[in-house]
Protein chains: 2
Amino acid sequence: MLSSDDKQKYMQLAIAQAKEAEKQGEVPIGAVIVDPDGKVIGTGYNRRELDEDATQHAEMIAIKEACKNLGMWRLIDCSLFVTLEPCPMCAGAIINSRIKDVYFGALDPKAGACGSVVDLFTVEKFNHHPHAIRGLYRDQCAQMLKDFFRAIRQKQKEENN
Amino acid sequence: MLSSDDKQKYMQLAIAQAKEAEKQGEVPIGAVIVDPDGKVIGTGYNRRELDEDATQHAEMIAIKEACKNLGMWRLIDCSLFVTLEPCPMCAGAIINSRIKDVYFGALDPKAGACGSVVDLFTVEKFNHHPHAIRGLYRDQCAQMLKDFFRAIRQKQKEENN
């Protein structure tokens with residue numbers, strides 16, 4: 001069982017991943033996967049533009065790394081921490097990899113697949129139902145995204161003047 | 001515009017990919033992506049067990065290859081042909097990569113995300129809505145899966161005797 005302190009620590013690691021994305025000009029989204037003993041087995045940050053690959057979201061990169069580290073595609077009893085609510089692709093990958101708990105920070109009203117637009121984790125027919133825990137460091141995660149998009153708009157404004 | 005003959009040809013290529021999966025002991029599912037001129041820019045077959053990676057579905061591999069070949073994450077006006085109805089992860093990746101048309105063979109009553117269990121392509125709030133075309137070579141695609149699972153059950157039965 002992860003303690004409350006553990007959970008905060010892992011979300012801070014996910015935020016550090018997001019900041020790494022931001023440094024490289026990407027939308028700041030980061031993810032971390034830990035095994036049941038609390039060992040970090042996967043990390044990732046959004047690299048869609050860097051890699052020119054629509055599948056290179058933070059969660060996907062972290063899941064691939066975790067599977068590689070464990071040598072198996074089932075991430076039984078593992079937890080994923082991500083700064084933004086997963087999109088349908090990532091929520092689907094979380095179901096497919098049998099991750100148990102998903103902690104996310106900011107909500108995504110445009111593409112969130114854990115309650116905001118659709119809720120894939122509660123679809124009865126699917127063969128696995130991850131547990132979603134919303135709102136850990138929500139304000140910090142949301143602010144990071146707001147600041148990023150504000151800076152982009154500011155830059156575009158300056159370029160147009 | 002792809003002709004009816006073209007579409008049959010591309011689904012047969014996806015079926016050939018599925019047979020390649022089967023040869024390697026994987027559930028036979030295959031995918032092909034073509035650009036608006038009908039050039040094949042991505043192919044993939046299910047490699048979940050081979051790679052011990054929950055994200056290694058046929059469609060994901062084909063999308064990653066297509067992005068790499070085009071040097072961009074947007075697969076505008078491209079078509080995907082896949083032997084089985086995409087799962088939520090793959091349907092989400094199709095939305096994320098802006099693929100236009102998705103032709104699939106067999107329906108997936110357990111995990112299909114293009115109408116069978118959920119229908120992600122028609123969720124209004126998402127920023128892209130691929131067009132799903134069901135049933136091209138449905139019987140052949142479904143039979144391939146049935147034969148695969150029947151052979152597995154037969155083998156297990158023999159081993160238990």
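Which side chain makes a polar contact with the side chain of Thr55(A)? The exercises below take up this question and others on the predicted model shown above.

**Exercise 1. Find the polar partner of Thr55(A), and decide whether Thr55(A) is buried or exposed.**

Step 1. Look for the polar partner, and you find that the side chain of Thr55(A) makes a polar contact with the side chain of Asp53(A), at 2.8 Å.

Step 2. Now consider accessibility: Thr55(A) has a relative accessibility of 2% and therefore counts as buried, because buried means under 20% relative accessible area.

Step 3. Finally, list the surroundings. When residues up to four places away in sequence are not counted, Thr55(A) touches Met60(A) and Met89(A) in chain A, and Met60(B), Ile63(B), Lys64(B) and Ala93(B) in chain B.

**Exercise 2. Describe the contact between chain A and chain B: how many residues does it take from each chain, and what area is buried?**

Step 1. Count the residues on each side: the contact takes 32 residues from chain A and 32 residues from chain B.

Step 2. Turn to the area, which is about 2,600 Å² buried between chain A and chain B, with carbon and sulfur atoms giving 64% of it. Of the area that chain A buries against chain B, Glu52(A), Lys64(A) and Trp73(A) supply 23%, which is more than any other three residues.

Step 3. Search for charged and polar pairs across the interface of chain A and chain B, where the rule finds two salt bridges and ten residue pairs in polar contact. A salt bridge is formed by Asp53(A) with Lys64(B), and their closest N and O atoms are 3.1 Å apart. Asp53(A) is also the residue whose side chain is in polar contact with that of Thr55(A).

Step 4. Ask which helices take part: H2, H3 and H4 of chain A each supply at least two residues of the side that touches chain B, and H4(A) gives the most to that side, with five residues.

Step 5. Sort the residues on the side of chain A that touches chain B by kind, and they divide into 17 nonpolar, eight polar and seven charged.

**Exercise 3. Using the UniProt annotations, explain why the "binding site" residues of chain A gather at one spot, and describe the residue listed as "active site".**

Step 1. Start from the record: an unreviewed UniProt entry places the feature "binding site" at His57(A), Cys87(A) and Cys90(A). These residues span 34 residues in sequence, yet no two of their C-alpha atoms are more than 9.2 Å apart, so they gather at one spot.

Step 2. Examine Cys87(A), which is found in the loop between strand S3 and H4 of chain A and counts as buried at 8% relative accessibility. Leaving out residues up to four places away in sequence, Cys87(A) touches His57(A), Glu59(A), Ala111(A) and Ala113(A), and also Asn96(B) from the other chain.

Step 3. Examine Cys90(A), which lies in helix H4 of chain A and is buried, with a relative accessible area of 0%. Apart from its neighbours within four places in sequence, Cys90(A) is in contact with His57(A), Glu59(A) and Met60(A).

Step 4. Now take Glu59(A), which UniProt lists, again in an unreviewed entry, for "active site". Glu59(A) is found in helix H3 of chain A and counts as buried at 4% relative accessibility. The residues that Glu59(A) touches include Cys87(A) and Cys90(A), as well as Ala31(A), Leu80(A) and Pro86(A).

**Exercise 4. Decide whether Pro88(B) and Gly71(A) are buried or partly exposed, and state where each one lies.**

Step 1. Pro88(B) has its place in helix H4 of chain B and is buried, with a relative accessible area of 4%.

Step 2. With neighbours within four places in sequence left aside, the contacts of Pro88(B) include Pro88(A), Met89(A) and Phe126(A) in chain A, and Ala111(B) and Leu120(B) in chain B.

Step 3. Gly71(A) lies in the loop between H3 and S3 of chain A and is partly exposed, with a relative accessible area of 45%. The C-alpha atoms of Gly71(A) and Met89(A) are separated by 22 Å, although these residues are 18 residues apart along the chain.

Key:
Residues numbered from 1 in each chain as written. Chains lettered and ligands numbered in written order. Predicted model: local features only at pLDDT ≥ 70, side-chain atom pairs only at ≥ 80, totals over all residues. Heavy atoms only, no water. UniProt positions renumbered as here; feature names shortened; annotations may be inferred. Helix = DSSP H or I, 4+ residues; strand = E, 2+ residues; numbered from the N terminus. Buried < 20%, exposed > 50% of the residue type's maximum accessible area, 1.4 Å probe, protein only. Contact = heavy atoms within 4.5 Å. Buried area = accessible area lost by both parts, 1.4 Å probe. Salt bridge = Lys/Arg side-chain N within 4 Å of Asp/Glu carboxyl O. Polar contact = N/O pair within 3.5 Å; in protein donor to acceptor, adjacent residues only side chain to side chain. Nonpolar A, V, L, I, M, F, W, Y, C, P; charged D, E, K, R; others polar.
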